[in-house]
Amino acid sequence: MMEKSSVDIFDENYSRVLERMTHAAEKAGKTADDITLLAATKTVNVDVINHAIKSGIEFIGENRVQEFLSKLPDYYPVHKHFIGHLQTNKVKDIVGRVELIHSVDSYHLAKEISKQSVKKNIISDILLEVNVGDEQSKYGFSICDISDNVEKICLLEGVKVRGLMAIPPISDTPYANKKYFDMLYKLFIDIRGQKTDNSSVDILSMGMSDDYETAIECGATMIRLGTALFGKRNYIV
Ligand SMILES: *Cc1c(COP(=O)(O)O)cnc(C)c1O
């Protein structure tokens, strides 16, 4: 039998994902339209990404600055987000080229995004990344630092805090991360209620291929799927 093409794999996976999203959203008293599906496109060829866009994917997220810049001229029209760890010296390459940066993991980085945004005379929408499992290997603010940092970052010009993003610990069952998603939802509600000027908190970006249904049930407004849409990546990023 011939091996399935990446495009066929996507087509099959996409309809399954949409079904599952609908199901999970119903459980949360919502519809699939209330949840933004972002395709995590690291390592995925632009032709396959463009096929996904033609098929209905409206949001994509890239992880690496270099990879993003090299694909940038070729994407079909789509909402572009940055979701990977961002080094301060690369901020200038990203600001103005994406609609949302999910991975703001330090005040220092927020300050640089502010500086570059002011320079370009734009406002950059950002999410603060939470290291919800308190893992050494992961970037992000600890839960107890979020509220103070929202306050501080909202004082910066040129940035608008739109919410939170997190990558919980790797787990072997879809429900294992429920406790983290519940914590994140509570934190999201807390910062949404926080009185600040430069914020408009309405995005909770959590849930990946192995646990997106749980994330939706726990209140995610945006899920980020790579493997569940495009199949297994050939290498770890
Ligand atoms: C790769 C990646 C995803 C998607 O991961 P999958 O498990 O393949 O769905 C989501 N978010 C971030 C930040 C990623 O780097």
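Asp-125 and Arg-162 form a salt bridge, with their closest N and O atoms 2.7 Å apart; the term covers a side-chain nitrogen of Lys or Arg within 4 Å of a carboxyl oxygen of Asp or Glu. Asp-125 sits in strand 5 (residues 124-130) and Arg-162 in strand 6 (residues 159-166), so this pair ties together parts that are 37 residues apart in sequence. Strands here are DSSP runs of E, at least two residues in length, numbered from the N terminus. Both Asp-125 and Arg-162 are buried, meaning under 20% relative accessible area, while exposed means over 50% and partly exposed lies in between (1.4 Å probe, protein chains only).

A word on the model: it is predicted, with local features needing pLDDT of at least 70 and side-chain atom pairs counted only at pLDDT 80 or more, while totals for chains, interfaces and linings use all residues. Residues are numbered from 1 along each chain as its sequence is written, and side-chain values use heavy atoms, leaving out hydrogens and water.

## Other charged pairs

The structure holds 10 salt bridges. Among them is the pairing of Lys-4 with Glu-12, at 3.3 Å from N to O. Lys-4 is partly exposed at 45% relative accessibility, and Glu-12 is also partly exposed, at 42%.

Glu-135 and Lys-138 pair as well, at 2.8 Å from N to O, and Lys-138 counts as partly exposed at 22% relative accessibility. Elsewhere, Glu-62, Glu-67 and Lys-71 join in a network of salt bridges.

## Around the ligand

Let's turn to the ligand. Its surrounding residues (a heavy atom within 4 Å) are Ala-40, Lys-42, Asn-63, Ile-83, Ile-167, Met-208, Ser-209, Arg-224, Leu-225, Gly-226, Thr-227 and Arg-233. By class, this shell has five nonpolar, four polar and three charged residues.

Ligand oxygen atoms lie 2.7 Å from a side-chain N or O atom of Asn-63, 2.8 Å from a side-chain N or O atom of Arg-233 and 2.9 Å from a polar backbone atom of Gly-226. Taken alone, the ligand exposes 390 Å², and the protein buries 90% of that (areas by the Shrake-Rupley method with a 1.4 Å probe).

## Cysteines

There are zero disulfides in the structure, a disulfide being a pair of cysteine sulfur atoms within 2.5 Å. For Cys-144, the closest cysteine sulfur is that of Cys-154, 18 Å away and therefore too far for a bond. Cys-144 is exposed, at 65% relative accessibility, whereas Cys-218 is buried, at 7%.

How values were computed
A polar contact is a pair of N or O atoms within 3.5 Å; within protein, one must be able to donate a hydrogen and the other to accept it, and residues adjacent in sequence count only if both atoms are side-chain atoms. Ala, Val, Leu, Ile, Met, Phe, Trp, Tyr, Cys and Pro count as nonpolar, Asp, Glu, Lys and Arg as charged, and the others, Gly among them, as polar. Helices (H or I, at least four residues) and strands (E, at least two) are DSSP runs, numbered from the N terminus.
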